[in-house]
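Welcome, and please take a moment to turn the model around before reading on. The paragraphs below will walk you through it step by step.

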Amino acid sequence: MEGKKTLGRRKIPLEKIEKETARYSSFSKRRSGLYKKGSELVREFDVNLGIVLSSPSGKPYSFVHPTTDVALDRFINPTTELDLGAQLVAAEARNKVIQNSDRLNEFDAREKTAKEKIRFMDQMNEARVRCWWESMDQFNAEDITKFEGIMNTAEGFLNVQLKQLEDGASSSLHSPPKDADN
């Protein structure tokens, strides 16, 4: 593919990243990917989910669904049924996940469409024929001299035509009126 700016998606080996800034950046990207995958699991399989992370700088992050209590209770005792209140909270949380996921998909589709439109407009701009005035900044001294000569010639022709029009207009103003009797 021509003009590709990145290497694209590729498998990154799981080993400690030595550079601190690269490690923070990679953690942030992978954390976002993990949350997205967790959201997909919740949406597609209607599961209770809990993810707890600690960043390289020690900052804690978590992603739980539907609530921390429900996820921990389910982890500690997987056979326990949720009480009615917890079930309602879980159902509402799932609905929010579905709504947010739908919105995210809509935004992704809009972004994709916008990128396609921009790419199409760029291709159209590249393919169109450039007019001479769009490249005047690339003229050299010889081109400017030729252009000046063409413009002077054009000015001469226009002056001749203008003179002919003026002479024709003034002669028709001064011509004697025609008799209505003849």
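Let us start with how a surface patch is defined: patches are made of residues with over 30% relative accessible area and no salt bridge, where like charges are joined within 9 Å and nonpolar side chains (Val, Leu, Ile, Met, Phe, Trp, Tyr) within 5 Å. The areas themselves come from the Shrake-Rupley method with a 1.4 Å probe, and for residues only the protein chains shown count as cover. With that in hand, look for Leu72, Phe75 and Ile76, which make a nonpolar surface patch of about 390 Å². Leu72 lies in helix α2, and it counts as partly exposed because its relative accessibility is 46%. Here buried means under 20% relative accessible area, exposed means over 50%, and partly exposed is in between (1.4 Å probe, protein chains only).

Before going further, a word on the model. It is a predicted one, in which local features need pLDDT of at least 70 and side-chain atom pairs count only at pLDDT 80 or more, while totals for chains, interfaces and linings use all residues. Residues are numbered from 1 along each chain as its sequence is written, and side-chain values use heavy atoms, with hydrogens and water left out. The score called pLDDT is the predictor's confidence in each residue, from 0 to 100. Its mean over the chain is 83, and 89% of the residues reach 70 or more. Among the elements, β1 has the highest mean pLDDT (90), and helix α2 (residues 68-76) has the lowest (85).

Now step back to the whole chain. It holds four helices and two strands, and from the N terminus on they run α-β-β-α-α-α. Helices (H or I, at least four residues) and strands (E, at least two) are DSSP runs, numbered from the N terminus. Of the 182 residues, 12% count as buried. The accessible surface comes to about 16,000 Å², and 57% of that belongs to carbon and sulfur atoms. A contact means heavy atoms within 4.5 Å; among contacts between residues at least 6 apart in sequence, 40% join residues at least 24 apart.

Follow the chain out of α1 (20-45) and you reach Asp46, in the loop between α1 and β1. Asp46 has a positive phi of about 55° although it is not a glycine. With a relative accessible area of 48%, Asp46 is partly exposed.

Next come the two strands. Strand β1 (residues 49-54) and strand β2 (residues 60-65) run antiparallel and are joined by six bridges; two strands pair if DSSP finds at least two bridges between them. Together β1 and β2 form a hairpin with five residues between them, and Gly58 in the turn has a positive phi of about 95°.

What is Ser55 in contact with, leaving aside its neighbours within four places in sequence? The answer is Phe27 and Tyr61. Ser55 lies in the loop between β1 and β2, and it counts as buried because its relative accessibility is 9%.

The peptide bond from His65 to Pro66 is cis, with omega near 0°.

Finally, let us turn to charged side chains. Side chains of opposite charge can pair when their charged atoms come close. A salt bridge is a side-chain nitrogen of Lys or Arg within 4 Å of a carboxyl oxygen of Asp or Glu, and the structure holds seven of them. One of them joins Arg110 to Glu106, with the closest N and O atoms 2.7 Å apart. Both residues lie in helix α3 (residues 84-127), four residues apart, about one turn of the helix. Glu106 is partly exposed, at 40%.

Another salt bridge links the side chains of Lys115 and Glu111 (3.6 Å, N to O). Because they are four residues apart in helix α3, Lys115 and Glu111 are separated by about one helical turn. Glu111 is partly exposed, with a relative accessibility of 43%.

In helix α4 (residues 141-174), Lys146 and Glu142 lie four residues apart, about one turn of the helix. They form a salt bridge whose closest N and O atoms are 3.4 Å apart. Glu142 counts as exposed because its relative accessible area is 52%.
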